[in-house]
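Welcome! Take a moment to turn the model around on your screen, and then let's walk through it together.

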Amino acid sequence: MPRATICWPICRLRLDAAAADFLSPDPVPAPAPVCGAGRGVTIERPAMQTHDFHPTTLREYDIRGIIGETLGEQDAEAIGRGFGTVVRRAGGGRVAVGYDGRHSSPRLEAALVRGLMETGCDVVRIGLGPTGMLYFAVSDLGADGGVMIT
């Protein structure tokens, strides 16, 4: 089962091609931990979902919006599902997530994490900090990707 943690888990997951294609309509066993502790669980795969973004939100190089007007929690959750899908299809499964000091950032982070977990990704929540902290976390924690909410 996907999980969100605030610390580095003891076992690293081994991901294979069967686990990477999570959008398949059939459930597949989750990858087994490398350390051999325990057996995988079955991941139920959600149906394909769509989301309509405000036309100014998605840009070539980033995602921007005005909270409550052109960007909200539903958008963040949809971004999490999209990014998680890309990570899983590439054979990954662990994503680090951080955020800045804006008042809206914790709500967007929680929604993004929900979306990532819906795709079967494990999320390492690094919390409040600068973008450089996310870069370090992705590398140091062996994450397959990272998202910084700024």
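What does the accessible surface of the protein come to, and how much of it belongs to carbon and sulfur atoms? The surface is about 8700 Å², and carbon and sulfur atoms hold 57% of it. Do keep in mind as you look that this is a predicted model. Of the protein's 150 residues, 42% count as buried.

The mean pLDDT is 78 for the protein, with 69% of its residues at 70 or more. Residues 5-43 are a stretch where pLDDT stays under 50, although the model has 64 contacts for them beyond four places in sequence. Where pLDDT is low, predicted coordinates should not be read in detail.

Now for the overall fold. The protein has four helices and six strands, and along the sequence they follow the pattern β-α-β-β-α-β-α-β-α-β. Among contacts in the protein with a separation of 6 or more, 67% join residues 24 or more positions apart.

Helix α2 spans residues 73-89 and helix α3 spans residues 105-118; their axes come within 7 Å and cross at roughly 35°. The crossing of α2 and α3 is right-handed. On the α2 side, the contact includes Glu73, Ala76, Ile79 and Phe83, while α3 contributes residues including Arg107, Leu108, Leu112 and Glu118. Taken together, the residues of this contact between α2 and α3 divide into seven nonpolar, three polar and six charged.

Methods:
Residues numbered from 1 in each chain as written. Predicted model: local features only at pLDDT ≥ 70, side-chain atom pairs only at ≥ 80, totals over all residues. Heavy atoms only, no water. pLDDT = per-residue confidence, 0-100. Contact = heavy atoms within 4.5 Å. Axes fitted to C-alpha atoms, helices over the stretch in contact; angles between N-to-C directions. Helix = DSSP H or I, 4+ residues; strand = E, 2+ residues; numbered from the N terminus. Left-handed = near helix turned anticlockwise from the far one by under 90°. Nonpolar A, V, L, I, M, F, W, Y, C, P; charged D, E, K, R; others polar. Buried < 20%, exposed > 50% of the residue type's maximum accessible area, 1.4 Å probe, protein only. Areas by Shrake-Rupley, 256 points an atom, 1.4 Å probe, with all protein chains shown as cover.
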